[in-house]
Amino acid sequence: MRNAKFPIFLAFIAAGALLAHAGSASQAVPPAAANPTPGAPQVAPAVPAAPAAAPLVIVIDPAHGGADPGAHGSTGIEESDVVLSFARQLRAALQAQGLRVVMTRDADVDPSFDDRSAIVNAQFHAIFLTLHVSSTGTPGTARVYSLPAPAPQTPAASAASSALLPPPVEQPNPHPGLRAWDNAQDSFVYLSRRFAELLQLQLAQRFRGSPEVPATVAVRQLRTIAAPAIAVEVSSISVSDRRQLDAMAEPLTDAVVRAIMDFEPLYVSAAGTEAGPSPPETAAAAAPSAASSSGAR
Amino acid sequence: MSRRWIIVTIILAVCVAIGAYEFPGLRRHVSQLKQEGPSDAENRRDVVAPQISTPTDVQSSAQIYWLAAGSSDTLAAVTIQLPLSADPVQRSRQVVAALIAQAPTAAQRTLPVDATLLQFYLLSDGTAVADFSDELASHTPSGILSEQLAVDSITHTLAANVPAIARLKILIHGQEADTLAGHVDLTGFFQVATPAASANPQPQPSVAPGLLNSPPPAGSATSGQK
């Protein structure tokens with residue numbers, strides 16, 4: 001009888017190994033997400049399900065590039081060039097802190113929004129920063145943006161959506177454990193907001209005239225990021241001398257490094273325990289949100 | 001030198017002196033005319049989008065949100081007198097047309113001067129759809145701040161003058177656009193609220209309880225709807 005049970009035992013072991021493999025595979029970005037095809041359903045990793053001890057990966061996104069120079073000043077300064085320079089300095093500073101850094105571009109090329117998102121979404125335990133230079137705003141100031149929280153679908157809103165769009169087809173999720181690519185940021189808006197608050201405070205100390213609280217704006221690049229994600233925009237491309245912008249690189253880098261150091265324990269704690277901060281901390285952190293602005297979701 | 005040449009020289013010197021005295025004033029006048037006169041873009045817009053007038057128009061005070069004087073990053077309401085329709089759709093078209101065309105100064109504009117509102121629709125639940133010409137996307141300065149100010153100026157102006165509108169969808173030439181000018185997402189809806197309402201949102205946690213799949217805060221004034 002003991003010999004007869006042995007194959008059953010082996011079958012259980014094999015089934016367990018298969019399940020474990022399937023579980024780890026569900027965290028990976030599918031090939032379709034790395035090279036999204038228009039019209040095809042796309043998915044992003046459900047959670048940054050790395051163990052708490054996993055090293056932090058900072059993904060820096062110098063916006064624009066290639067055929068898209070972004071904002072450009074009357075003296076020929078181009079946003080894509082300035083932010084690439086900022087990104088390289090920031091990478092060096094973060095690597096000096098022992099952090100792993102990935103850049104979405106390191107040359108004058110222009111990856112699409114989804115290509116940039118795919119780079120972040122392939123990382124475990126990532127933080128995403130997209131760097132910009134504005135066309136307007138008081139020169140020498142810097143602003144941080146995160147996405148607004150997704151609003152609940154009220155019956156009226158649903159009716160409005162149905163009047164504008166084809167009726168949604170209710171189907172079971174064919175990819176349990178994965179989330180829709182187009183709204184990958186939805187589950188991270190609160191963490192992103194907290195990171196934005198920490199960085200904006202640092203920037204306000206270094207750049208006089210900058211706001212002390214970040215704004216929530218529907219920045220397109222952030223929507224498809226399955227990780228804490230913020231946009232940083234310095235003002236402005238209208239300066240007459242490029243050196244005025246270059247001078248912002250060092251304090252900007254210092255502010256980002258400090259904000260990441262402040263944010264890391266919170267991120268590790270939230271990802272590891274799925275427990276939020278204590279109520280007093282939550283209330284205190286929520287207070288500055290009052291100054292945020294509008295957004296589309 | 002004969003007496004005749006002396007007289008001619010004196011006359012010429014007087015002419016030069018008068019010219020030198022008048023020249024700065026003439027330059028100022030020419031530059032003023034350049035600033036005040038309608039540009040080609042404004043003339044084109046006036047042909048494409050003539051003034052909207054309806055039988056129910058009543059001269060009223062309208063609050064229009066442009067950049068605050070001397071600021072490049074803050075909006076401020078300016079009260080102007082406009083003929084406003086009782087019909088919310090026509091009223092919306094009138095205030096948006098004023099927002100584009102009647103900025104106190106060029107520096108206070110938030111929308112390109114040659115942009116036009118092609119169509120405006122309003123659903124019964126308060127959802128509005130504004131269809132702008134291509135110039136809104138192609139001539140809005142690229143950047144998160146400038147694009148956010150452009151959208152906020154539209155939503156604040158609508159909120160202040162057309163209470164029936166709750167949220168806004170922006171189309172570019174009849175199509176849904178990915179972004180306004182490379183940054184601000186146009187695939188969703190924008191909440192239509194005045195700055196006062198936006199400044200008093202429901203408190204929301206900075207980190208969601210449980211981090212993942214947490215319910216969003218109800219009634220957050222900072223959020224729109226997807």
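Which residue of β4(B) does B:Tyr121 stand opposite? B:Tyr121 faces B:Val129 there.

## Ground rules

This is a predicted model, where local features need pLDDT of at least 70, side-chain atom pairs count only at pLDDT 80 or more, and totals for chains, interfaces and linings use all residues. Residues are numbered from 1 along each chain as its sequence is written, while chains are lettered from A and ligands numbered from 1 in the order in which they are written.

## Strand pairing in chain B

Let's start with the residues around that pair. Strands here are DSSP runs (E, at least two residues), helices are runs of H or I with at least four, and both are numbered from the N terminus. Two strands count as paired if DSSP finds at least two bridges between them. In chain B, β3 (residues 117-122) and β4 (residues 127-132) run antiparallel, joined by 5 bridges. Their hairpin has 4 residues between the strands, and B:Gly126 takes a positive phi near 95°.

β4(B) also pairs with β5(B), this time parallel, through 6 bridges. In that pairing, B:Asp131 stands opposite B:Leu171 of β5(B).

## A look at B:Ala177

B:Ala177 sits in the loop between β5 (167-172) and β6 (190-191) of chain B. Buried or exposed? B:Ala177 is partly exposed, because it has 17 other C-beta atoms within 10 Å; the buried class needs 20 or more, exposed means 12 or fewer, and partly exposed is in between, with C-beta atoms placed from the backbone.

Leaving out residues up to four places away in sequence, B:Ala177 touches B:Ala137, B:Ile172 and B:Leu186. A contact means that the two C-beta atoms, placed from the backbone, lie within 7 Å. The C-alpha of B:Ala177 is also 6.5 Å from that of B:Thr187, 10 residues apart along the chain.

## The chain A sheet

Over in chain A, there are 10 helices and 8 strands, and 47% of the 297 residues are buried. Of the contacts between residues at least 6 apart in sequence, 82% join residues at least 24 apart.

An open sheet of 6 strands runs in the order β3-β2-β4-β8-β5-β7 (chain A), with mixed pairing. Its edges are β3 (100-103) and β7 (215-216) of chain A, each pairing on one side only. Within chain A, β2 (residues 57-62) and β4 (residues 126-133) run parallel with 6 bridges, and A:Val59 has A:Phe128 as its bridge partner in β4(A).
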